[in-house]
Amino acid sequence: MNSPTPDALLGPADVRELAGALGVRPTKQRGQNFVIDANTVRRIVRTAGVRADDVVVEVGPGLGSLTLALLEAADRVVAVEIDDVLAGALPATIAARMPARADRFALVHSDAMHVNELPGPAPTALVANLPYNVAVPVLLHMLGTFPTIERTLVMVQAEVADRLAADPGSKVYGVPSVKANWYADVKRAGSIGRNVFWPAPNVDSGLVSLVRRAEPVRTTASKREVFAVVDAAFAQRRKTLRAALAGWAGSAAAAEAALVAAGVSPQARGESLTVEEFARIAENKAENAENKAENAENKAENAESKAENKESAQP
């Protein structure tokens, strides 16, 4: 690990001074709450298990509080920032406060949801204080787009952290829980108080650890097909799966057939299912569709054959 530079990290006065010089006022629209506590960002880096050979991607670096702490520990850091002013200022902040590491930093000025490639070596870790209003879609996009990301630690709204890390059967288990688990083993990794942010948010924050699955979910269904089942199941989460999946399957009877074939009770609800069970349901819809197509093809061939026989039998 690289030796920490005592004065390199940003404290409360530094953050406010930087923001003032840039004319930056944190906006709720982008979910901006800047971390002003050096101990907190170092704690995040430690909890993330960032290694000296890691290439870390950070989403929403803001003024650079966490970015500087990541540069202390990682080999390289790539930061993705959507805000024009913040993106323009960050390289200068890195150069001024950590000049010896400035060549290990790269900036991508873009909306993270539109990022499909990153400069330099492939990322091995994702560490970010995610804007609360887009945390889940950004997290899922990054995990889906960059399969080399092995370890992730994100700071999100406590309620979102609970949802991401929820187990089947929990009241807060839902779409984020299942989709995150498609990619990784997910767990809560700590809590963060409100007083380490400027401005202080109205909610508490939580850390979520995601370690990429050693083996992907075993299924013949595609991710898109599995996620379609998940979305349908939780769109009407109070309904039984037979009813909730009727639109997805084409009818309640077709939904029941797929569920029974997958070994899932048609009377169950989405909140009780694992990601593997959702995958089996998706597989069985696909298999039913293939069988129907095959039956239709066989019927057409039989009809054609009968017509040929009839024609050849005529004098």
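A residue is called buried when its relative accessible area is under 20%. In this predicted model, W182 has a relative accessibility of 14%, and therefore counts as buried. Among contacts between residues at least 6 apart in sequence, 71% join residues that are at least 24 apart.

The chain holds five aromatic pairs. One of them is formed by F34 and W198, which are tilted, with 6.3 Å from centre to centre and 35° between the planes. This pair links distant parts of the chain, since F34 belongs to strand 1 (residues 34-35) and W198 to strand 8 (residues 197-198), 164 residues apart. F34 is buried, at a relative accessible area of 7%. In the pair of W182 and F227, the ring centres lie 5.8 Å apart and the planes stand at 75°, so the arrangement is edge-to-face. Because W182 lies in helix 7 and F227 in helix 8 (residues 223-235), this pair ties together parts that are 45 residues apart in sequence. F227 is buried as well, with a relative accessible area of 13%. Y173, F234 and F278 form one aromatic cluster.

F227 is also among the residues in contact with K179, together with L140 and D231, when neighbours within four places in sequence are left aside. K179 is located in helix 7 (residues 175-183), and its relative accessibility of 11% means that K179 counts as buried.

Definitions and conventions:
Residues are numbered from 1 along each chain as its sequence is written. This is a predicted model: local features need pLDDT of at least 70, side-chain atom pairs count only at pLDDT 80 or more; totals for chains, interfaces and linings use all residues. Side-chain values use heavy atoms; hydrogens and water are left out. Helices (H or I, at least four residues) and strands (E, at least two) are DSSP runs, numbered from the N terminus. Buried means under 20% relative accessible area, exposed over 50%, partly exposed in between (1.4 Å probe, protein chains only). Contact means heavy atoms within 4.5 Å. Rings of Phe, Tyr and Trp (its six-membered ring) pair if their centres lie within 6.5 Å; planes under 30 degrees apart count as stacked, over 60 as edge-to-face and the rest as tilted.
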